[in-house]
Amino acid sequence: MIIPIYGYGEPVLRKVAEPVTSDYPNLKEIIANMHETMYNAYGVGLAAPQVGLAIRIFTIDTTPFSDDKDLSNEEQELLKNFKKTFINANILKEEGEEWSFNEGCLSIPDVREDVYRKERITIQYCEEDFVVKTEVYDGLIARVIQHEFDHIEGILFTDKISSLKKTLIKKKLQNIMDGKAFPDYRMKFANKKGR
């Protein structure tokens with residue numbers, strides 16, 4: 001089921017999300033709904049707070065990035081096949097050079113900014129079987145994970161840009177809160193009832 005994506009200004013986007021256990025109510029249905037909602041909005045990642053749930057779950061599918069001809073064939077292949085759900089994730093380490101990439105977010109439609117992040121991460125998490133895994137990722141996969149991980153920590157990509165850029169996008173952010181954003185997917189806006 002496709003569910004509304006919570007827009008900038010919704011309080012749930014600022015909460016540090018709670019861990020879940022395998023007996024969390026309707027867990028499989030929540031994850032299935034998150035996948036469907038992400039694909040409907042042409043996203044590459046979606047975190048539970050973005051659908052109104054302050055729980056430590058996010059899902060990723062980097063397939064859309066695999067068409068980028070600027071990437072090596074190896075990275076294109078990795079991106080094409082990277083589909084994963086992360087439950088109770090914790091980034092243990094961020095290493096390497098910081099690099100810039102133009103990021104966007106389904107909760108902040110029509111706003112894109114360059115964000116600097118470390119190139120490599122070590123992350124501990126569970127998939128739906130609740131077996132704990134520790135893995136290392138780099139490049140675009142690491143970046144998408146870092147972006148979604150920030151969501152379960154109550155952080156948005158706009159927190160990572162300069163104060164000048166924040167000033168320049170202030171009106172756009174206010175418009176999102178007021179429901180004056182019109183993406184081609186359903187949203188719930190902080191200052192607007194309905195939709």
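Contact, in this talk, means heavy atoms within 4.5 Å. Two housekeeping points. This is a predicted model, where local features need pLDDT of at least 70, side-chain atom pairs count only at pLDDT 80 or more, and totals for chains, interfaces and linings use all residues. Residues are numbered from 1 along each chain as its sequence is written, and side-chain values use heavy atoms, with hydrogens and water left out.

Let's start with T85. It sits in strand β4, residues 83-105. Strands are DSSP runs of E, at least two residues; helices are runs of H or I, at least four; both are numbered from the N terminus. Is T85 buried or exposed? T85 counts as buried, because its relative accessibility is 6%. The cut-offs: buried is under 20% relative accessible area, exposed is over 50%, partly exposed is in between, with a 1.4 Å probe and protein chains only.

What does T85 touch? Leave aside neighbours within four places in sequence. T85 then contacts I31, H35, I57, F58, T59, Y125, C126, E127 and E128. With T59 there is also a side-chain polar contact, at 3.4 Å. That term means a pair of N or O atoms within 3.5 Å; within protein, one must be able to donate a hydrogen and the other to accept it, and residues adjacent in sequence count only if both atoms are side-chain atoms.

Now the whole chain. Four helices and seven strands. The order from the N terminus is β-α-β-β-α-β-β-β-α-α-β. Buried residues are 47% of the 195. Take contacts between residues at least 6 apart in sequence: 65% join residues at least 24 apart. The C-alpha trace spans about 40 × 40 × 30 Å along its principal axes.
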